[in-house]
Structures are given as structure tokens and as C-alpha cells.
Amino acid sequence: MGTEGISHRKLHVNGINMHVAEKGDGPVVLFVHGFPELWYSWRHQIVSLAARGYHAVAPDLRGYGDSDAPHTASAYTILHLVGDLVALIHALGQDQVFVVGHDWGAAVAWWLCMLRPDKVKALVNLSVPFSPRNPHCRTLDSLKAIFGDDHYMCRFQEHEAIEAEFAQIGTTLLIKKFLTYRKPEPIVVPKEKGFDGCLETPIALPTWLSEEDINYFAGKFEKSGFTGGLNYYRCLDLNWELTAPWTGAQIKVPAKFIVGDLDLTYHSPGVQDYIHKGGLKKMVPFLQDVVVMEGVGHFINQERPHDISDHVYEFIKKF
């Protein structure tokens, strides 16, 4: 993939040094990645949006890639992550930006819009719909009730044990397993099988993912490790506590939501009804469009790069 013309720098934001990749001039479009990803997941969109008159900016979030990774798990709450983006917007000299999020990046983007709607002109989120806080049940308890104790988000709570298991599998193979996962079902990881046994090893990479791409991701995770990314999951219950004041609050930013029909998130119990029968619209009243892309898995911005770039452009150009 051509990443020519994409420049890199570090900005000091919210007490950490954040690496950003960027290209183009014009209104800022901020791209927010997920797990286990990097700014690089947006390589196609950066080039495409820059060519259409925008300043595309994709950070490595805290804990990832060439950005700082604080040691304590509690430094990765949703308030820290939103704080990083607000500080980044200021560091870019902007009052307001367009935001595009995927996976964990989508969750952070929803909360950016919840907490600081004044900072976001419009939002395009991929894969993860806004999930309203359940005041009666902690997040991990909810996950265990639906999927059991072996759901991957529950397993990710095991400090050091998961890192050791990932190290045994090897970074390159692990990245391949995650990025090519296409089953529209939850990742459940019994201890006796482990992640190696539960995530298939691809025989061949899909056309949208090259060895060069895998090597870029793997090279960065070799250096940083996975703890930073895993700490996002380790703050799920802490986030539940911290976001209590916003229980029932709506997100009042113009939004578009895109998901693949093979995405495991789209097949979580109740999610399709929530998205299509008014639940999401109730929480995000300015939701203007929901797109379900056929035959597409979770890593939608890499699998269908041109379609996603077009969807983003078609939406943000209205504002």
C-alpha cells in the first residue's frame, strides 16, 4: 500500500507524547483506530481524504505504536482517551474536527461526542455502535452473563497471563489471526484451548492484507507489546463507574454508522434489533445513516478501503 506523502510527528497531549500520521490540507478529519491496530489501519483513508481536500490525521492511541504507554492499567479509562483526543484537537490548532472511528476507536469517538460535542462537526463510526450504560449491571458482569467467563474481553482481564500467552503465539502470527478473523460469532477462549486454538491461522492472507502490512503492525507491537491495548479492556468496569453521570444521556452530533454483515459485533445478541429498530437512533438522535456492507468482516476500513473512504467523504462534505 502506498503511504507516500504521509508525514509523521509527535505532539505532547494530555501528559503523553502522541505519534500522529497525517497528510493533506483543509478541514481536519481525525481517524481513531481500534485493537490490535495502529494509525496504519487508516492508511488508505488518509491518502484518499487528503486527495479530496482534507487534512487527514491518524494518531497511535495511548498504549499503541509510537505513542507513550503509561504503565498503570487505570491510565486507560475512557476519560483519559477522550482527553487525549481533545488535547490533540487543540494541538492541531482546531476548534472542531470531523471524526471517524473503528472498533475501540469508535467507542472513544462516541464518548468524545458525548462529553465534548462542541469539538466534533460530524462523526462516522465503524463496527461498534454506541452502547448505552446499564445502570443495573457492571460491564464485565453483563458480558459474563451473555457469553460466559471465557469471552475474550473477560479473558483479557488476566494481567500478564494474556501477555505471556500472546508472546508464546508470536506477534506476527497473532496479528494475522486477529486481522483475518471473519466468523460472525463471539470470540470465546477456554483456557485449555487458548487464543492459538480459538483463532484460526489463515492459510493465505486475504487480498486486502499484504505481508508488508502484517509486518508493519507486528514490528510496532514487537516493540510496544500488547499491554497498552489490553488495558482498554481492563478499564471496562472502571469506565462503568466513571460514566455513571451520563447514564441515559444522548449523543447530539450528526452521525453515520457502518458495519459489515460478517462483523462479530453485528451478531452480538440484540445488536441488530438495537441498530435497526430505533434503539441506536434514540441514543444518537442525529444519526443520519446506517450502512450494512455485505460480505465484510470486522476490519472494514482495511477490507473495503475505497468504499469506506467514499462513505466518509460523502457524509462529511455536507457539513
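A: Arg-133 is buried yet has no salt bridge. Buried means under 20% relative accessible area, with over 50% called exposed and partly exposed in between (1.4 Å probe, protein chains only). A salt bridge needs a side-chain nitrogen of Lys or Arg within 4 Å of a carboxyl oxygen of Asp or Glu. The nearest side chain of opposite charge is Glu-241, 8.3 Å away. Lys and Arg count as positive, Asp and Glu as negative; His and the chain ends are not counted.

This is a predicted model: local features need pLDDT of at least 70, side-chain atom pairs count only at pLDDT 80 or more, and totals for chains, interfaces and linings use all residues. Residues are numbered from 1 along each chain as its sequence is written, and side-chain values use heavy atoms, leaving out hydrogens and water.

Now the location. Arg-133 sits in the loop between strand S6 (120-126) and helix H4 (139-147). Helices (H or I, at least four residues) and strands (E, at least two) are DSSP runs, numbered from the N terminus.

Next, the partners. Leaving aside residues up to four places away in sequence, Arg-133 touches Trp-240, Thr-243, Ala-244 and Thr-247. Contact means heavy atoms within 4.5 Å.

Trp-240 takes part through its backbone oxygen, 2.7 Å from a polar atom of the Arg-133 side chain. The charged end of Arg-133 also sits over the ring of Trp-240, 4.3 Å from its centre. That label requires NZ of Lys or CZ of Arg within 6 Å of the ring centre and within 35 degrees of the ring normal.

Notes
Polar contact = N/O pair within 3.5 Å; in protein donor to acceptor, adjacent residues only side chain to side chain.
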